[in-house]
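I opened this notebook to keep track of what I looked up, one topic at a time. The entries follow the order in which I went through the model.

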Amino acid sequence: METFRSHVMICGGTGCHSSGSGDLIKAFEEQIKGNGLDKEVKVVRTGCFGLCEVGPIVVIYPEGAFYSRVKAEDVKEIVEEHLLKGRIVKHLLYHDSINENSGDIKSLNEVNFYKKQKRIALKNCGIIDPENIDEYLAFDGYKALTKVLTEMTPEEVIKTVKDSGLRGRGGAGFPTGLKWDFCYKAKGDKKYVLCNADEGDPGAFMDRSVLEGDPLAVIEAMTIAGYAIGSDQGFIYVRAEYPIAVQRLQHAIKQAREYGLLGKNILETGFDFDLEVRLGAGAFVCGEETALMRSIEGKRGEPRPRPPFPANQGLFEKPTLLNNVETYANITQIILNGADWFSAIGTEKSKGTKVFALGGKINNTGLVEIPMGMTLREVLFDVGGGIPNGKKFKAAQTGGPSGGCIPTSKLDIPIDYDSLVSIGSMMGSGGLIVMDEDNCMVDIARFFMEFIVEESCGKCAPCRIGTKRMKEILDRIVAGKGVEGDIEKLEELGNMLKESALCGLGQTAPNPVLSTIRYFRDEYEAHIKDKRCPAGVCKGLMRYTIIADKCKSCGICAKNCPVSCISGEKKVPYVIDQDKCIKCGQCMEKCPFGAIELK
Amino acid sequence: MACKNCDSKAKLYKELDALIQEHKGSREALMPVMQGAQGLFGYLPKDVQILIAEGLDLKLSDVYGVATFYSQFTLEPQGENVISVCMGTACYVKGAQLVLDELKKELKVSEGKTTPDGKFTLNATRCLGACGLAPVMMINDEVYGRLSANMIPGIIAKY
């Protein structure tokens, strides 16, 4: 085997790829070759390091030097200084990776962003080349499957998963082992193992990063699940919007087949299992389990009532096991390290870790994996680095369109399934969007409702009609036409929807509205009663006014006003008649003295 | 001399036929076949839908039903350049709406529509998952991140 003295790890996740890491890989390879180092230094394209904010990221080992926002023109300096002469290029390092006192570089585990994280599902992300099965094997890959196939009965596998306390990471938190057990006990000549990679929540990219960074961990776990429940066929249903993840998955499946780790007679134990990738086509509702199965069958992805549950009647009416990507990503570690090891992490009812995608108004945008039970405050301020530009924190949104907004007063609750539900939000798949004082909570509620109205499949009336009515009310509130009683109407409709919708999409759709009413009722009232948007976001509530001191009474605004609502005379500041103003903004655009403001 | 346009069209239909033959009579292959067909033609014209329905032994209404259910499928031809503005939450709270508004103004086209010269189609899309670069848009396969409305005219001018 070839050995190298240095490894240049370049992030090839979607975030860094979008900011140009593909060009960096080429540049590094050229420079390394140009300096005759290609036998000594290896360039590896890895999965996500997590700190997308400062991408593209390059980490050079053995030193563990963490270079951030690297540009193609920096490559020459890094190669000539660091790789050739052994001098770390400090001015290109991530600012928090240098020890302020000693000037030495910190190891990654000491950097604030990583210090409090615990990586289980993301274990290999940023460490291995996701397109090289040998690297996966070198990091304990397929050890768990070997153990399962040669030393464990299906019952023992299921018991281990049950004892670990692992709960579904897709959002609802159903105990994974129990699900496996139901499928194992279901009678049927054919069973299926499915992976839900239809990560539709806006602002969530945990599953994408796992698939891009460590696809074989998911494939191995699905194979283990196949053995446990007695299935020989699996499907991974992945969003078509994730081209890199799809390509790496397909590549990984091909490699696993070549190595005899998928297909017939795996590891010569007589166990058969194979996988296929199915692409979604842009329908949020397909993240719901029964809708997802219809979609794989080639039909419109509409949910159906349960029971029968998929464990008994799922894909093609056969017993089917469906887990989310992150859930599978925990399985191999649980098998290798034991149920006790896993259940020692986290809280009483929520075991292990959870991956979150931090986004919005936060300094360290990116992907974090934290032990359950950490407080939201620690996640946002210690790991996430706080709110940029000295702004004030207003709310954090978890659970996407099914979740809720968490205000400052609840920052100290521990993150686990049950605590989040108790405050009107939910764990969800892991999107964590931060909002500051410049965001309007009514506008955010309207944004989510608009999303739901578009994505509602239309099968059941509560969701089809209820969400539309809720959006209409929110539309008129942000347009300044809200009336007394609108808040109560939203609450009534929301609660009705929760109880009567057919599937999880509709039942949770009112959460963003109900939780913002619960914690930010004053903002709703300001919109409705005072016709004012406290955050200054809702255009319909803004007013154009003329600043008397700056007005030179030239009359240009009045001439350009299409509804003739500006009046005045020489030497007297002009005035806008607010009742007639249509808020077109012409006056402000045309005023030569900047005397018109929008507030 | 044979018409160049007709030749390339005939080639597309030949490829479509091969794709259908590969999955003949298999209902569960409907979406992969439709995705393949849209990859070839850029959209799903009626005659293509009919061919798929016949090949997979389905009713045309089944194919049309799937085509209209999923937002990825389109029944109208797309512009030369497809602009997708991410409307995920992270982009939204960082001003994606302003970016979209600027594009509408600059291209004089509404969301989901194509400019009269066929040069641009403007779409608002679901989360692209590049939240670290919010707000983000894609023009064809190229990703533009950390956008603000005033960057739009310059970017459009490149196409």
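Predicted model: local features only at pLDDT ≥ 70, side-chain atom pairs only at ≥ 80, totals over all residues.

Entry 1: A:Glu450 counts as partly exposed because its relative accessibility is 30%, and a residue is called buried under 20% and exposed over 50%. I found A:Glu450 in helix 17 of chain A, which covers residues 441–455.

**Entry 2: the chain as a whole.** Next I stepped back to chain A, where I listed 23 helices and 18 strands. Along the principal axes, the C-alpha atoms of chain A fill a box of roughly 95 × 65 × 40 Å. Does the radius of gyration of chain A agree or disagree with that of a compact globule of 599 residues? It agrees, because such a globule would have a radius of gyration near 25 Å and chain A has 27 Å. Of the 599 residues in chain A, 59% are buried. I also looked at contacts in chain A with a separation of 6 or more, and 70% of these are between residues 24 or more positions apart.

Entry 3: The largest nonpolar core here has 123 residues, and the members that touch the most others are A:Trp180, A:Tyr328 and A:Leu380. Helix 10 of chain A, residues 215–229, gives this core its largest share, with 11 residues. Apart from this core lies another one of 66 residues, which includes A:Met293, A:Ala445, A:Cys457 and A:Ile528.

**Entry 4: two packed helices.** Two packed helices are described by the angle between their axes and the distance between the axes, and I looked up both values for one pair. Which angle do helix 10 and helix 13 of chain A make where they pack? The angle is about 75°, and the axes of helix 10 and helix 13 (residues 325–337) are 8 Å apart. Helix 10 of chain A is therefore roughly perpendicular to helix 13 of chain A, since angles of 65 to 115 degrees count as such. On the side of helix 10, the contact is made by A:Ala217, A:Val218, A:Glu220, A:Ala221, A:Met222, A:Ile224 and A:Ala225. Helix 13 contributes A:Val325, A:Tyr328, A:Ile331, A:Thr332 and A:Ile335. Sorted by class, the residues in this contact are 10 nonpolar, 1 polar and 1 charged.

Entry 5: Is A:Cys125 buried or exposed? A:Cys125 counts as buried, because its relative accessibility is 2%, and the cut-off for buried is under 20%. I placed A:Cys125 in the loop between helix 4 (112–115) and helix 5 (133–138) of chain A. Leaving aside neighbours within four places in sequence, A:Cys125 is in contact with A:Gly47, A:Cys48, A:Arg119, A:Ser209, A:Val210, A:Gly213 and A:Asp214. The C-alpha atoms of A:Cys125 and A:Thr269 are separated by 30 Å, and these residues are 144 residues apart along the chain.

**Entry 6: backbone details.** I looked for cis peptide bonds and noted one from A:Tyr61 to A:Pro62, with omega near 10°. A:Pro62 lies in the loop between strand 3 (58–61) and strand 4 (65–67) of chain A. Another cis peptide bond joins A:Arg306 and A:Pro307, with omega about -5°, and A:Pro307 is in the loop between helix 12 (289–296) and strand 9 (320–324) of chain A.

I then turned to positive phi values in residues other than glycine. A:Arg69 has phi near 40°, and A:Arg69 is partly exposed, with a relative accessible area of 38%. A:Asn389 has phi near 60°, and A:Asn389 is exposed, with a relative accessible area of 73%.

Terms used
Residues numbered from 1 in each chain as written. Chains lettered and ligands numbered in written order. Heavy atoms only, no water. Helix = DSSP H or I, 4+ residues; strand = E, 2+ residues; numbered from the N terminus. Buried < 20%, exposed > 50% of the residue type's maximum accessible area, 1.4 Å probe, protein only. Core = buried A, V, L, I, M, F, W, Y, C linked by side-chain atoms within 4.5 Å. Axes fitted to C-alpha atoms, helices over the stretch in contact; angles between N-to-C directions. Parallel < 35°, antiparallel > 145°, perpendicular 65-115°, else oblique. Contact = heavy atoms within 4.5 Å. Nonpolar A, V, L, I, M, F, W, Y, C, P; charged D, E, K, R; others polar. Rg over C-alpha atoms; globule rule 2.2 N^0.38 Å.
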